[in-house]
Amino acid sequence: SGDFEGAVKWFEKAKSLPGEGYDVVRMSPGSQTPGDKSQPPNPRGLQEKRFASPAQLAIADYNIACCELKLGRKEDALRRLEAFVGAVSNPEAQFERMLRDPDLVEVRGELEAMQKAKGKQGLFGGIKKLFDVPFVEWK
């Protein structure tokens with residue numbers, strides 16, 4: 001109850017742990033010895049790599065932001081909260097939760113300003129997402 005610096009380290013470490021995200025990659029030739037009875041047969045040489053999903057990374061950043069606020073690092077906390085809002089699928093709902101979070105009372109004014117700024121981008125940001133096409137640059 002109070003080791004926020006230690007908590008930041010643990011949340012940072014959690015971001016590098018295997019999570020819900022995964023990718024299937026081909027193993028390099030020779031990385032699995034023929035006849036190795038300790039491993040199931042893998043004739044295609046595929047292996048699943050696990051990593052933290054974008055949602056898990058965003059949640060860790062949110063928690064780190066709360067810790068940074070407790071440590072007096074307001075600007076770092078706001079930067080992480082802005083990244084968090086940019087990473088979630090429903091930013092408006094997240095703003096409402098953040099404005100009610102007792103850990104974020106200190107930055108409530110900044111969050112309201114951030115919410116207003118994001119709200120002004122709302123219509124065009126939504127249209128851009130709807131018609132998001134690779135290699136198209138929106139001006």
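The following legends describe close-up views of a predicted model.

**Figure 1. Overall architecture of the protein.** Five helices and two strands make up the secondary structure, arranged along the sequence in the pattern α-β-β-α-α-α-α. The protein has 139 residues, of which 24% count as buried. Its accessible surface amounts to about 10100 Å², with 57% of this area belonging to carbon and sulfur atoms. Among contacts with a separation of 6 or more, 59% are made by residues 24 or more positions apart.

**Figure 2. Helix α2 and its surroundings.** Helix α2 spans residues 54-70 and contains 17 residues. The distance from its first C-alpha to its last is 25 Å, close to the 24 Å expected at 1.5 Å a residue. After α2 comes Gly-72, which has a positive phi near 85°.

**Figure 3. The aromatic pair between helices α2 and α3.** The structure holds one aromatic pair. It is formed by Tyr-62 and Phe-84, whose ring centres lie 5.0 Å apart with 55° between the planes, a tilted arrangement. Because Tyr-62 belongs to helix α2 and Phe-84 to helix α3, the pair ties together parts that are 22 residues apart in sequence. Both Tyr-62 and Phe-84 are buried.

Figure 4. Glu-68 is located in helix α2 and is buried, with a relative accessible area of 5%. Apart from neighbours within four places in sequence, Glu-68 is in contact with Arg-73, Asp-76, Ala-77 and Arg-80. A network of salt bridges links Glu-68 with Glu-12, Lys-15, Asp-61 and Arg-80. Within this view, the side chains of Arg-80 and Asp-61 meet in a salt bridge with an N to O distance of 2.6 Å. Arg-80 lies in helix α3 and Asp-61 in helix α2, so this pair ties together parts that are 19 residues apart in sequence. Arg-80 and Asp-61 are both buried.

Figure 5. The whole structure contains 10 salt bridges. In one of them, Arg-73 meets Glu-5 at 3.3 Å, N to O. Arg-73 lies in the loop between α2 and α3 and Glu-5 in helix α1, and the pair links distant parts of the chain, 68 residues apart. Arg-73 is partly exposed, with a relative accessible area of 27%, and Glu-5 is partly exposed at 35% relative accessibility. A further salt bridge joins Lys-74 and Glu-110, with the closest N and O atoms 2.9 Å apart. Since Lys-74 is in helix α3 and Glu-110 is in helix α5 (residues 108-130), this pair ties together parts that are 36 residues apart in sequence. Lys-74 counts as partly exposed at 28% relative accessibility, and Glu-110 is partly exposed with a relative accessible area of 29%.

**Figure 6. A nonpolar patch on the surface.** Tyr-22, Val-24 and Leu-46 form this patch, and together they have about 280 Å² of accessible area. Tyr-22 is placed in strand β1, which covers residues 21-26.

Key: Residues are numbered from 1 along each chain as its sequence is written. This is a predicted model: local features need pLDDT of at least 70, side-chain atom pairs count only at pLDDT 80 or more; totals for chains, interfaces and linings use all residues. Side-chain values use heavy atoms; hydrogens and water are left out. Patches are made of residues with over 30% relative accessible area and no salt bridge: like charges are joined within 9 Å, nonpolar side chains (Val, Leu, Ile, Met, Phe, Trp, Tyr) within 5 Å. Accessible areas come from the Shrake-Rupley method with a 1.4 Å probe; for residues, only the protein chains shown count as cover. A salt bridge is a side-chain nitrogen of Lys or Arg within 4 Å of a carboxyl oxygen of Asp or Glu. Helices (H or I, at least four residues) and strands (E, at least two) are DSSP runs, numbered from the N terminus. Buried means under 20% relative accessible area, exposed over 50%, partly exposed in between (1.4 Å probe, protein chains only). Contact means heavy atoms within 4.5 Å. The expected span of a helix is 1.5 Å times one less than its number of residues. Rings of Phe, Tyr and Trp (its six-membered ring) pair if their centres lie within 6.5 Å; planes under 30 degrees apart count as stacked, over 60 as edge-to-face and the rest as tilted.
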